Amino acid sequence: MVTEPQSAFIGLETRAPARRGVLTPSGRRTLLLLVDLSIVVVAVIGALAVWARRGDMPFHLSFIRANWTWFPIMAATWVVAALLNDLYRPNLASRFRETTRRLVRAQAVLVLFYLVIYFVSTPRSLPRGFVFFYAAIATPLLFLSRGLFSMVFARPQFRNRVLVMGAGWAGGTAARLIQEHLANEYDLLGFIDDDQGKHGTVIRGARVLGGGSTLPDLVRINEVNLLVVAITRGISPKLFQWVLACQQAGIGVVSMAALYERTLDRTPVHHLAEQWFLEFEPADVLTRLVKRAMDLAFALVASLGFGLLLGPLALAIWLESPGPIFYRQRRCGRNGAPFWVYKLRSMVPDAEKAGAQWAEKRDPRVTRVGRILRKTRLDELPQVWNILKGDMSLIGPRPERPEFVAQLQEQIPFYRSRLSVKPGLTGWAQVRYRYGSSVEDARIKLEYDLYYIKHQSLFLDLAILFRTVGVVLSMAGT
């Protein structure tokens, strides 16, 4: 006798191939990467041709072979610059203005990298103007490819057709995520929920279409190819069988939390189960050793630079606002252990005479010199002492004050979880979000911090370092 889910599977088998042409987000990223690498090859060949012509050299296959190293050099540099600017996010490709800004910034990183190498290398060992020839060819081709990508994959036949399982708070979050960030990739068809009182209601413009028993028919009729499971309090055995039947028939299944993470690089703190921390493991011994070695190497080098800058910075601070050059604050370290953090003073001496308070945008307590120190992050340099002592790491969540930790852990779930690793001089939240000045800002930064704790790796640390350099150079600090 064929059970109900098995019969649903048999019926679904026939419709799964109809949507197999839709690329997954991973497939779209791979396609973008392959197109970019092809453009790099074309641009390098074109740049070599211009270089040869300007130098009255014959341009032929042997000339290209003699300069083959430019292909991996430019490809690797471009991929790193593109990753740092999130250019392999499929949902970004549909936003022309944002894509344009990031493409220009990525190309600027590549050109700057080349110029640095050019000026420190032996004279005439590198081709003069090569990178500008390359950029002149690659940039319009990259713009064209991203425009075509957006036009093609915005067409209905290339968008994923989505049903959200669950019409509660988590389901509403999934709908908002799709509508605000994935509208050019996903078509939200509606919701499935076993609560009959919700059937027919409209949530964020999409209707609750029925219960779990209607899932196979809805999938077949609407050619659904992705189910987003937004049920955080446990899924019923019967509904689980229906979802499993769909997955076995080739329909994609993803949790709301996973979709949220891969779209925003944040962990949805208000939609986590109590056992969420079981999904990741602490860093292994080798990773911890390498991370500590990086901390010490940075702290030693930064100490030398700080020693050279201390005199002029101290004089500038004192001339504008006579008083202490340094100040210290009590902060929470790993597992909540308190320690003193040191900074260059960027506020007036009596800034907190009324007690601890959130910093504000254009805070009147910040001096003119202090604004420059904050924008360039130079006020943080004394924290190299905290890194040397082991109170802090180079990369990790921002060390928070005990008063704010006590307040925020009462208002935001899992807030204290950020104390499971050492705080950092810079971190994922610091480079992805502005300076926090409210409970809502703290919640969003916590989502970035939890994402970092869950996905921490040396590769992610390197990405944060590169982004930090960009923040400092652009004076985007606060």
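Me: Is cysteine 332 buried or exposed?
Reply: In this predicted model, the relative accessible area of cysteine 332 is 8%. A residue counts as buried under 20%. Cysteine 332 is therefore buried.

Me: At what relative accessibility does cysteine 246 count as buried?
Reply: The cut-off for a buried residue is under 20% relative accessible area. Cysteine 246 falls under that cut-off and counts as buried, its relative accessibility being 0%.

Me: How many disulfides does the structure hold?
Reply: A disulfide is a covalent bond between the sulfur atoms of two cysteines. Such a pair is counted when the sulfur atoms lie within 2.5 Å. The number of disulfides in the structure is zero.

Me: How many residues has the largest nonpolar core?
Reply: Val44, Leu48, Trp70, Met74, Trp78, Phe130 and Tyr134 are the residues with the most contacts inside this core. Helices H2 (25–54), H3 (61–66), H4 (70–84), H5 (96–120) and H6 (130–153) each supply at least two of its residues. Apart from it lies another core of 34 residues, including Ala302, Phe339, Ile412 and Tyr452. The residue count of the largest core is 36.

Me: Which residues is leucine 48 in contact with, leaving aside its neighbours within four places in sequence?
Reply: Leucine 48 is one of the residues with the most contacts inside the largest core. Contact here requires heavy atoms within 4.5 Å. Beyond its sequence neighbours, leucine 48 touches Asn67, Ile64, Trp70, Phe59, Phe63, Phe71 and Phe130.

Me: Why is the pair of tryptophan 70 and phenylalanine 130 tilted?
Reply: The search of the whole structure finds ten aromatic pairs. In the pair of tryptophan 70 and phenylalanine 130, the ring centres are 4.5 Å apart. Tryptophan 70 lies in helix H4 and phenylalanine 130 in helix H6, 60 residues apart. The pair is tilted because its planes stand at 35°.

Me: Which helices hold tryptophan 428 and tyrosine 451?
Reply: The rings of tryptophan 428 and tyrosine 451 have centres 6.1 Å apart and planes at 20°, so they are stacked. Tryptophan 428 is buried at 5% relative accessibility, and tyrosine 451 is buried at 14%. The pair ties together parts 23 residues apart in sequence, tryptophan 428 being in helix H15 and tyrosine 451 in helix H16.

Me: Which ring does the charged end of arginine 328 sit over?
Reply: A charge over a ring must be within 6 Å of the ring centre. The charged end of arginine 328 is 3.9 Å from the centre of the ring in question, that of tryptophan 340.

Methods
Residues numbered from 1 in each chain as written. Predicted model: local features only at pLDDT ≥ 70, side-chain atom pairs only at ≥ 80, totals over all residues. Heavy atoms only, no water. Core = buried A, V, L, I, M, F, W, Y, C linked by side-chain atoms within 4.5 Å. Buried < 20%, exposed > 50% of the residue type's maximum accessible area, 1.4 Å probe, protein only. Helix = DSSP H or I, 4+ residues; strand = E, 2+ residues; numbered from the N terminus. Phe/Tyr/Trp six-rings, centres within 6.5 Å; stacked < 30°, edge-to-face > 60°. Lys NZ or Arg CZ within 6 Å of the ring centre and 35° of its normal.
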